[in-house]
Amino acid sequence: MKMLQIAVVGHTNTGKTSLLRTLTRDTEFGEVADGPGTTRRVEGAKLRLDGRAVLAWFDTPGMEDSIALLEYVEHLAGDRRLDGPDRIRLFLESPEAQRRFEQEARVLGKMLECDAALYVIDARDPVLGKHRDELALLAACGKPLLPVLNFVHAPSHRAAQWREAMARLGLHALLEFDTVAPPLDGEQQLYDRLAVLLDRHAGVLRQLGAALARERRERHDAGLHLIADLLVDVAALRLVSDADEAALRETTERLREQARRREQACVNALLGLYNFRPDDYAGDPLPLAGERWGMDLFHPQALKDAGIEVGMGIAAGAMAGATVDLMLAGISLGTAALIGAAAGGMWQGIERFGKRLAARLRGRRELSVDDAVLRLLALRERELLMALERRGHAAREPVRLDTADKDPWREAGLPPEIKEARSRPEWCGMSPEYQDGPRRAATVKALAQRLA
């Protein structure tokens, strides 16, 4: 079976290129701008299934003068009894197709070549005569047409009016698909509707929809794994410092900087996973810039704004986000505990903790990231993941985060996977003594499932 070809048509500046950016997950496709008539030529993109190109999308210029064009087409036909496609071909052979109506000629020519078309509507616009004339010209091409309502999240949208207008024209199959914030199952809905309109291609279209849904689940799982790996790394992060105030301050800042860089790496990986670019947020301090979420990870106000309870020391900002002299898994590292454990023959893991105990006995301190900061990390990254899933590839505003009020990661207790990572500094990927292995991998996997 030959490759299915679908044109994306409509009035100028309704979001046709934006729709294709989202459907192809390509932020570079075409040109998107607020002014009308940005697309001046036909551009294409192919979708593959099992390595074989099965569908070609074609972005077309906007139609600008449909009222005059419809009158011209009717004038050309005169008293001849021509069907719709023959009327359009007659127009395409006329001189005006290369002059006054050159842009519309490109659209209608591509319509005749394709199997179907999406008619993209800016749902914020009122239904006008020019839109009805556009639809009359497009319908004359004799190809199935699926209206797509864009910008349905805008407060002033007129989706109900457009639905009624489409029904009056016999177009009862209609899809709401906001290109800035598409529904999670929006692509699957689109291919299901097209499968109804294009019965001969229904099998391929449903396979495409199923494949895209599977890819979405796989991206989501991969994103959760990236976040879990971040949390294990930061929970296991541990730096040793001399006990004097200056050394503690210097080591605390190094600890914070390593945690910040690790979060930034996770943010970049999530953006790459969803095919967004770091420079989409140029000028904003990543990660997660904008309003209250733009604060530094270790700023006490960031923790407060996220609804995370913090201790007095952190709230005061003295050692925000760092725990000094951490107790490992509830075991005191004091001298008495060491002597008692050794005497009783019950000490487990002396080889693993030997260096750290020796440092403790010499009066040195261990610093690690505080529980509250780990909870903030989990909240921010999970919300970023959800925001990217809801984000269209034509969106130009920064990601806006709004963590749900009821979230288990705000509460005091951390899951056992984080607690185990706390006791295993060799699990930290930022450490020169990093050790990867099946136990760490199993912990990351379990934590990713918990994050879901």
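Is K2 buried or exposed? K2 is exposed, at a relative accessible area of 52%. Exposed here is over 50% relative accessible area, buried is under 20%, and partly exposed is in between, with a 1.4 Å probe and protein chains only.

Some ground rules. This is a predicted model, in which local features need pLDDT of at least 70 and side-chain atom pairs count only at pLDDT 80 or more, while totals for chains, interfaces and linings use all residues. Residues are numbered from 1 along each chain as its sequence is written, and side-chain values use heavy atoms, with hydrogens and water left out.

Now the salt bridges. The criterion is a side-chain nitrogen of Lys or Arg within 4 Å of a carboxyl oxygen of Asp or Glu. That rule gives 27 salt bridges.

K2 pairs with D115, with the closest N and O atoms 3.3 Å apart. K2 sits in the segment before β1 (4-10) and D115 in the loop between α4 (102-113) and β4 (116-122), so the bridge ties together parts 113 residues apart in sequence. Helices (H or I, at least four residues) and strands (E, at least two) are DSSP runs, numbered from the N terminus. D115 is buried, at 12% relative accessibility.

Next, D122 and R124 form a salt bridge at 2.9 Å, N to O. D122 is buried at 6%, and R124 is partly exposed at 34%.

Then E245 and R249, at 3.3 Å, N to O. The two are four residues apart in helix α9 (residues 245-273), or about one helical turn. E245 is exposed, at 56%.

Last, a network of salt bridges links D229, D233, R262 and R440.
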